[in-house]
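Please read the points below with the structure open beside them. They are meant for a colleague who is seeing it for the first time.

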Amino acid sequence: MTEESKETPQCRTYCPSNYVDQEDGEGNTIPGTWRDEENETGLHSIGRVGANNPARRSAQLRDTLSDYFISEAGEEAAPWQYQRAFRGAIINPPHF
């Protein structure tokens with residue numbers, strides 16, 4: 001266990017609990033404090049790095065998960081996925 005992992009989430013310097021976006025109980029996004037940072041200290045665009053191609057195993061895993069979540073079993077396991085993915089968009093998602 002690292003010294004930082006012993007601290008409460010609010011006191012961590014690497015990633016305080018309010019740094020990243022979160023969701024409330026109704027699925028609304030609560031913006032994290034990372035959004036308030038200026039470019040000098042926040043995330044920077046690094047552009048293209050190499051070919052930006054995922055490793056073959058990573059692509060296989062992505063495809064496997066994608067196939068599962070759009071399957072009947074995946075829709076039953078995660079019935080909220082279409083509302084979350086298409087929130088605010090006018091799309092014709094499958095009816096469940």
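1. Buried or exposed: how does Gln81 count? At 15% relative accessibility Gln81 counts as buried, because buried means under 20% relative accessible area, while exposed means over 50% and partly exposed covers what is in between (1.4 Å probe, protein chains only). Gln81 lies in helix α3, which spans residues 81-85; here helices (H or I, at least four residues) and strands (E, at least two) are DSSP runs, numbered from the N terminus.

2. Before going further, please note that this is a predicted model, in which local features need pLDDT of at least 70 and side-chain atom pairs count only at pLDDT 80 or more, whereas totals for chains, interfaces and linings use all residues. Residues are numbered from 1 along each chain as its sequence is written, and side-chain values use heavy atoms, with hydrogens and water left out.

3. The surroundings of Gln81 can be described through its contacts, a contact being heavy atoms within 4.5 Å. Not counting residues up to four places away in sequence, Gln81 touches Phe69, Gly74 and Glu75.

4. Of the 96 residues of the protein, 8% count as buried. Among the contacts with a separation of 6 or more, residues 24 or more positions apart account for 8%. The accessible surface comes to about 8,500 Å², of which 55% belongs to carbon and sulfur atoms; accessible areas come from the Shrake-Rupley method with a 1.4 Å probe, and for residues only the protein chains shown count as cover.

5. Which residues make the nonpolar surface patch? Leu61, Leu65, Tyr68 and Phe69 make this patch of about 340 Å². Patches are made of residues with over 30% relative accessible area and no salt bridge, like charges being joined within 9 Å and nonpolar side chains (Val, Leu, Ile, Met, Phe, Trp, Tyr) within 5 Å. Leu61 lies in helix α1, residues 56-69, and at 43% relative accessibility Leu61 counts as partly exposed.

6. The structure holds one aromatic pair. Tyr68 and Phe69 form this pair, which is edge-to-face, with 5.2 Å centre to centre and 70° between the planes. Rings of Phe, Tyr and Trp (its six-membered ring) pair if their centres lie within 6.5 Å, and planes under 30 degrees apart count as stacked, over 60 as edge-to-face and the rest as tilted. Tyr68 is partly exposed with a relative accessible area of 36%, and Phe69 is partly exposed with 32%.

7. Side chains of opposite charge can pair when their charged atoms come close. Taking a salt bridge as a side-chain nitrogen of Lys or Arg within 4 Å of a carboxyl oxygen of Asp or Glu, the count comes to two. In one of them Arg35 pairs with Asp21, the closest N and O atoms being 2.5 Å apart. Arg35 lies in the loop between β2 (29-30) and α1 and Asp21 in the segment before β1, so the pair ties together parts that are 14 residues apart in sequence. Arg35 is partly exposed at 46% relative accessible area, as is Asp21 at 28%.

8. Asp63 forms a salt bridge with Arg62, and their closest N and O atoms are 3.1 Å apart. Asp63 is partly exposed with a relative accessible area of 37%, and Arg62 counts as partly exposed at 49%.

9. Ile30 has its place in strand β2 and counts as partly exposed at 41% relative accessibility. Leaving out residues up to four places away in sequence, Ile30 touches Val20, Asp21, Gln22, Glu23 and Asp24. The C-alpha atoms of Ile30 and Val20, which are 10 residues apart along the chain, are separated by 8.8 Å.

10. Asn18 is placed in the segment before β1 (22-23) and is partly exposed, with a relative accessible area of 43%. Its neighbours within four places in sequence aside, Asn18 is in contact with Gly32 and Thr33. The C-alpha atoms of Asn18 and Thr33, 15 residues apart along the chain, are separated by 6.3 Å.
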